[in-house]
Amino acid sequence: MSQVTRRFDFEVDAVAGDARTGTLRIGSQELATPNLFPVLNFYGGGTERSVFGGGIHRTIKEFMIGADRIGGGDYSEYFDCTMTSVASLTDYNITHERYQSYLDTPIKERELFEPYNGTLFVDSGGFKFLDGGDIDGSDFEVDIDQEKIYEIQKKMGADIILNLDHPIAPDDSHEQRMEKAEKTALNIAEFLDLSSDFDGARYLTLHGYNYSMMDAFLEKITSIVDTREIHEAFDGVALGSLVPKKDNRELLIQAVTDCQEVLQDWGFDDMPLHVLGISSRAVPLLAALGVDSFDASSYLHNAINGKYYKSMMESVPISEVSFENCDCPVCSSELHRQRMRGDAEYQKDIYGAVAVHNLIIQKQELATIRDRIRAEGTAPLREYIESTVARDKQTRQVAHKVVNQSLGGYFQ
Amino acid sequence: MKKAPKVNEVNEFLEIASDFEDPLEVIRESLSNSYDAEASEIEITIRSRPQGSDIIIEDDGNGMNERDLESFFDLGNSQKTDSIGYKGHGTKIFYKSDRIVVNTAKNGVNRRAVMDNPWEKLNRQELPEYELTKADVRDENQGTRIKITNFRSGEGFDPESLTYNKIHHYLKWKTIAGSTAHFFEDNPREMDIRVDLGEEIDDTRDELVTTSRLEFPDEQLEPSDDEFPAERMCKHYEPREIEVEYDGGMTTVQIVGMVGGKAARNELPTHGRHSVQFGVWFAKDHIKVEQINETISHDNEFIHFFFIVNCQDLELSANRETIRNKSNPVFRAVRDEVEFYMSKVTQDPWFKNYLEIRREGKLKRRARTQESSLQDRRKSVTERERFEPSNRAEVLLAVERASQQQAGFSLQVEDYQPDADIQAIVRHQGKLRNAAIHHQLTEHFKNESPLEHIDLIIYWEQGDPTKLNEVERTGYIGGEIEIDHDSGSITYQRDGDSSYIELLSLTDVFKPKTKAIADD
Ligand SMILES: [Zn+2]
């Protein structure tokens, strides 16, 4: 049997308690972890000339490629990775023709996106298509199933892909969860078949709020797909279904802690762990627990709501910001300061600039977190958490919990 | 024209001296003075006298020169207002007496100051004077001896209420003798303090000897294996110095403390109102001033904690019992920082484990109580001759049992809601009937349960017959009631409506049927 040369590789460079920093390698790309994948709609209903449109997404993409419309500049370091969803294609009323022509060329191979070379993670969009989600693909005359999803992921030129999953909801019964696990398992079987020659990374979706739920999920999956096959075929694990619980920090921490334990017991703990749809305040804590990547659209949603990040922990209304305290390239530009103050023809240029600033703040904090993990011992990361998340009364207790659990505690 | 406000010096002395009621405050002031004089041994003697109490404080400190003596007797010329409260005021408490004699040796000179009848003179609006004499002594002779004769305590204060226990407690909680400074200093100064009370005050022991340090009970991180496994557990939280930034500056907070069970806390030198002494204390000069237990989140009982938070930027009230600058940014910043620190302590895995061990101990004790009560119950089951319900649910069991065992008894419980007025719906001879279930029939009337919708009352026994008679005599919920024990029924009439309720006593069902013996 010949060994297939894997394009994917995950290497841990340093650890601090349970936290780790490492490098994800996909082909020639390298991505430092822990890292945050900003959620972005590459397709927003428009044409190539409008960077394929998308309102605020359009402005963000213009930043990503340093377009003239935003006054140029190099923002590529903040787009070293992005997350998009197959479902984004359906957010706009796309015709079948346009759908086909859009998928003609992979995103990163388009001339337009030439300056962009970040790691592209393409979600399956299961949460939108399935189980009461409001989209079925009929807009563009496509029946959504695992095969179609994979085809789209591939055509978009994804570096990391997920199988089509059936996320659970907080009030699902055990039977409903098992049903979803079974459907997901069938998709996984098909996904592994279809994508056997995929040259990026394949992530396995995992759903549940605690050890027993995730364990039952994996039991169900492995009753249909062989455990060894899963272990050999998948490159990473993506923990899902937490978005409805994102404000319940206690549960979030519990879920991630239990997830690590499940992965360990199933022998999957050598794979990188991605947590779907969670960011901001939870990030330092999840990173401390050993999560390797996150994705979130909060940078953008907060911008749309007029919120400007002062740090990962604190945002202020955009109208109260003087921009002098931030030296990011957005705030340093007179053009963007003007736009953020409201002097712009389009809302998307006001909020797009704020969104990119917000993203930069999050990216910078993640860089700090990586540095702290690389530093000697657990104290640097502990001190970071002590001075950020733990200073917030709502997150104080869980912050202490994480410090005690994964960074050696305060009183050793 | 400028005019300076005038001060009546005599009244000033009177007022300050009146702020102090407790002879223990004399001790507090003296100890602080001795500490400042770098004394290492202090002896305090208190005797009860007809007019008040005699108090003698003797130390081996540096002694006083003339200027120090002036400070001792004068008002307001102390340079030490930055120390505990206002030091210049403290010694004025001595004026509440008939005579003050100070003997103090410094640099080869002994100074003796005598003030006669200070209290009486002040009350006559006369400023008392002291007579100063000097004599040479050897250079090595150092120290101060202060004798206060007939110290007047506050209204209703009896010097005989002092005990060694009370003094010990006071020393450790309110004076420099309970200082936690030694946790933070590399070479902390130490004092040995001896207190000698006259036999007429407390004859339980000869003297009390203690130091100028507050020590915590020894650590015991692991539970014991007795009935209260967490009771002696104790963890020290090492001294920490934290810089606190506030609007307008920086200050330093020194925190040290312990967490522990009751037995560990009992080893602290405290007595009396034990519970109110724990929690988090603000301190100045490392002497506890005021509690800030609200810095421990509400779900944690403050009683497990004993923390001392020292901050020299706290300002104290004149009598040193409270913090004066609570509305200042510095106080608020310090309090927030303490709250943050305490949140880490309450989340400390050791503390969580300690609480868990307490909880497990409690459950174990409960299981033991359960066991003994189960033993009692099993014994009474074994000893009794027949099934005997003692509550409503067991009455239902009796119904089921009777249906199985007694020929001709047919009653099935179809529905049971323990909280409803009419607890059950039963099938009786093929028909559904609304039934009230009671252990004793009298309960129905005691509960004032309505009778209108009841077909049947099932009970084990009748209860006190006089209670039933009273119900018949006085009526029931605005109606007339008649209980017919022979036919087993109740007739109830109210507002022209009449209800007929059948009574079913299970005692009768279970009673072994005695056959009539023919008398032939
Ligand atoms: Zn900025």
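**A walk through a predicted two-chain model**

B:Asn110 sits in strand S4 (residues 109-116) of chain B; helices (H or I, at least four residues) and strands (E, at least two) are DSSP runs, numbered from the N terminus. This is a predicted model, in which local features need pLDDT of at least 70 and side-chain atom pairs count only at pLDDT 80 or more, while totals for chains, interfaces and linings use all residues. Residues are numbered from 1 along each chain as its sequence is written, chains are lettered from A and ligands numbered from 1 in the order in which they are written, and side-chain values use heavy atoms, with hydrogens and water left out.

With a relative accessible area of 19%, B:Asn110 is buried. Buried means under 20% relative accessible area, exposed means over 50%, and partly exposed is in between (1.4 Å probe, protein chains only). Leaving aside neighbours within four places in sequence, B:Asn110 is in contact with several residues, including B:Asn103, B:Thr133 and B:Val137; contact means heavy atoms within 4.5 Å. The side chains of B:Asn110 and B:Asn103 are joined by a polar contact of 3.3 Å. A polar contact is a pair of N or O atoms within 3.5 Å; within protein, one must be able to donate a hydrogen and the other to accept it, and residues adjacent in sequence count only if both atoms are side-chain atoms.

Chain A also has a buried asparagine to look at. A:Asn302 belongs to helix H10 (residues 298-304) of chain A, and its relative accessibility of 18% is why A:Asn302 counts as buried. Not counting residues up to four places away in sequence, A:Asn302 touches A:Lys307, A:Tyr309 and A:Asn358. With the side chain of A:Tyr309, the side chain of A:Asn302 makes a polar contact of 2.6 Å. A:Ser101 is 201 residues away from A:Asn302 along the chain, and the C-alpha atoms of these two residues are separated by 33 Å.

The next topic is charge. Side chains of opposite charge can pair when their charged atoms come close. A salt bridge is a side-chain nitrogen of Lys or Arg within 4 Å of a carboxyl oxygen of Asp or Glu, and a search of the whole structure finds 53 salt bridges over all chains. One of them joins the side chains of A:Asp159 and A:Lys108, at 2.5 Å from N to O. A:Asp159 lies in the loop between helix H4 (146-156) and strand S7 (160-162) of chain A, and A:Lys108 in the loop between helix H2 (96-102) and strand S6 (119-123) of chain A, so the pair ties together parts that are 51 residues apart in sequence. Both A:Asp159 and A:Lys108 are buried.

In chain B, a salt bridge forms between B:Lys174 and B:Glu321, with the closest N and O atoms 3.5 Å apart. This pair links distant parts of the chain, 147 residues apart: B:Lys174 is in helix H6 (residues 164-174) of chain B, and B:Glu321 is in the loop between strand S13 (305-310) and helix H8 (329-346) of chain B. B:Lys174 is partly exposed, at a relative accessible area of 23%, and B:Glu321 is partly exposed, at 30%.

How do the two chains meet? The contact takes 15 residues from chain B and 10 residues from chain A. The area buried between chain B and chain A is about 1,200 Å², of which carbon and sulfur atoms give 51%; buried area is the accessible area (1.4 Å probe) that two parts lose on being put together, summed over both. In chain B, the residues that lose the most area to chain A are B:Phe340, B:Lys344 and B:Gln347, together 51% of what that side buries. Four salt bridges are found across the interface of chain B and chain A. A salt bridge also joins the side chains of A:Glu386 and B:Lys344 (2.4 Å, N to O). With seven residues, H8(B) gives the most to the side of chain B that touches chain A.

Some backbone details remain. The peptide bond from A:Thr33 to A:Pro34 is cis, with omega near -5 degrees, and A:Pro34 lies in the loop between strand S3 (29-33) and strand S4 (35-38) of chain A. B:His286 has phi near 65 degrees, a positive value in a residue other than glycine. B:His286 is buried, with a relative accessible area of 8%.
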